[in-house]
Amino acid sequence: MQSILDGINKLYAEWSGSACERIEILPQSGSDRRYFRIHTQNGTCIATHGHNIPENEAFLYFSQHFYNQQLPVPQIYALGEDKTIYLQQDLGDVSLLNRLEEEGFTDKIYNLFKKSLHQLALLQIKGHAGLDYTRCLTNQEFGKQAIMADLLYFKYYFLDALRKPYDKQKLIDDFEALSNYLTHTEYKYFMFRDFQSRNILVLPDNSVHFIDYQGGMQGAPQYDVASMIWQARANLPDEWKESLLNDYIDSFEQIMNEQVNRDLFKSQYNGYVLIRLLQVLGAYGFRGLFERKAQFLTSIPQALKNLRSFINEHNLGIAVPEFNKVLQVCVSDEIIDRFTPLCADEETPLVVRVQSFSFKKGIPADPSGNGGGYVFDCRGILNPGRLEQFKTQTGRDKGVKDFLEQQTRMSEFLNSVFDIVDISVEDYIRRGFESLTVSFGCTGGQHRSVYAADSMARHLRNKFKVKVELNHVEQEAKNWVNEGK
């Protein structure tokens, strides 16, 4: 990490002629790229570090092209010599998804979605003009090969993980037929490829800007619309979905200055909705079932409900019988229930006591009188307390959290712990048990165990809605406030 920070400092000094005052490490998202906010007297900018140089080059080329067309993307300031670090305009931290989750389905939020779709149409059509598609990261066009890749991604990383029987050859034949059908689309412009509310940043003046379009290529505009309107995390109401689609077509016609065949446009849109829903399920399956990242598993039930809602109400306009059978299996109550955690309610007696402690002082007693529970040893994780700058901090301070998340295997450790504890919590809720203790110990009870206990408490509350009592033994002894975190 220090070498990256040194590189950012060097690049910023070369570009601006002055030094960074402070570099803030921003939370990591689903990709391998890392983001940093540079603070100076003249304001802020964002530094990005990524080892995938072709990906960086694609993003930088698209950004420069779109920015020259006055489209809503960040301005690029500088690129490092080895092309792993670049500086860009700081558009803030507030995404459209953040606004939706904070404010709900209000008229103001609807208008932000509508505005985003209008800007999308501008990006697709104006951005397409003069764009060199040979600079794309992967395929130059979202054609049959790319559609098949998305369908196979769903097959390998989600469908096959269900271990349900189906005719593999007939399914591949149906994939081929659907891919051929969707390839012959009337319109092909720039396709963002991952257009969703998380990749739309909203500024204080309610203007919207786009990020993360480095995977773009030429393709059907309907794909991006489907990605946004049917995003599982957003879970937009049905009436919004239909209304926003019509708003987008209005914008598309206005920019094109011609009318479109709405029935044909919507028929192809439905096909791309299905492709996008399945691609997302494949991604959740890969991240959750194979990489064992708990947060992706919790998204699967809503994604399946989205899929069920879609296939029950829309017709693809093409016969794919084996594919239809497979889809019905995926959206069955049995499969949705398999991925839906059993949640506590007001009548659930279970209280999970989560605590951190110091092994030097001994494992704390179980106050419930039941004994048992779990004790996890965090001492196999690199200790931030050995570094001078962290000695007086705890596992709740940002520097310590960044260290544990970025320079240790804490995330892997916790994912395994979550798997074990989840079994007991779900069983205890079902059987009406009242108490479970989960303890995390480290050398001093200050850094690793505190971070792990906080993470466990947050995970259990989010996943099971269960009552959690959180106690940091060493910090309690020092009158350290921990409530509400």
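Residues are numbered from 1 along each chain as its sequence is written, and side-chain values use heavy atoms, with hydrogens and water left out. Because the model is predicted, local features need pLDDT of at least 70 and side-chain atom pairs count only at pLDDT 80 or more, whereas totals for chains, interfaces and linings use all residues.

An unreviewed UniProt entry places the feature "domain: RapZ C-terminal" at residues 351-474; such positions are given in the numbering used here, with feature names shortened, and the annotations may be inferred rather than shown by experiment. The span is 41% helix and 21% strand, and its end C-alpha atoms lie 21 Å apart, where helices (H or I, at least four residues) and strands (E, at least two) are DSSP runs numbered from the N terminus. An open sheet is formed by 4 strands in the order β11-β12-β10-β13, with parallel pairing, two strands being paired if DSSP finds at least two bridges between them. Its edge strands, each pairing on one side only, are β11 (374-377) and β13 (467-472), and the twist averages 15 degrees from one strand to the next. Strand β10 (residues 351-358) pairs with β13 over 6 bridges, and glutamine 355 has asparagine 471 in β13 as its bridge partner. Helix α16 (residues 448-464) lies across β10, β12 (435-442) and β13, running at about 170 degrees to β10; axes are lines fitted to C-alpha atoms, for helices over the stretch in contact (heavy atoms within 4.5 Å), and angles run from 0 to 180 degrees between N-to-C directions.

The structure holds 37 aromatic pairs, defined by rings of Phe, Tyr and Trp (its six-membered ring) with centres within 6.5 Å, planes under 30 degrees apart counting as stacked, over 60 as edge-to-face and the rest as tilted. Phenylalanine 59 and tyrosine 213 are stacked, at 5.0 Å centre to centre and 20 degrees between the planes. Phenylalanine 59 lies in helix α2 (residues 53-68) and tyrosine 213 in the loop between β8 (208-210) and β9 (217-219), so the pair ties together parts that are 154 residues apart in sequence. Phenylalanine 59 is buried at a relative accessible area of 4%, as is tyrosine 213 at 0%, buried meaning under 20% relative accessible area, exposed over 50% and partly exposed in between (1.4 Å probe, protein chains only). Phenylalanine 192 and phenylalanine 210 form an edge-to-face pair, 6.0 Å centre to centre with 85 degrees between the planes.
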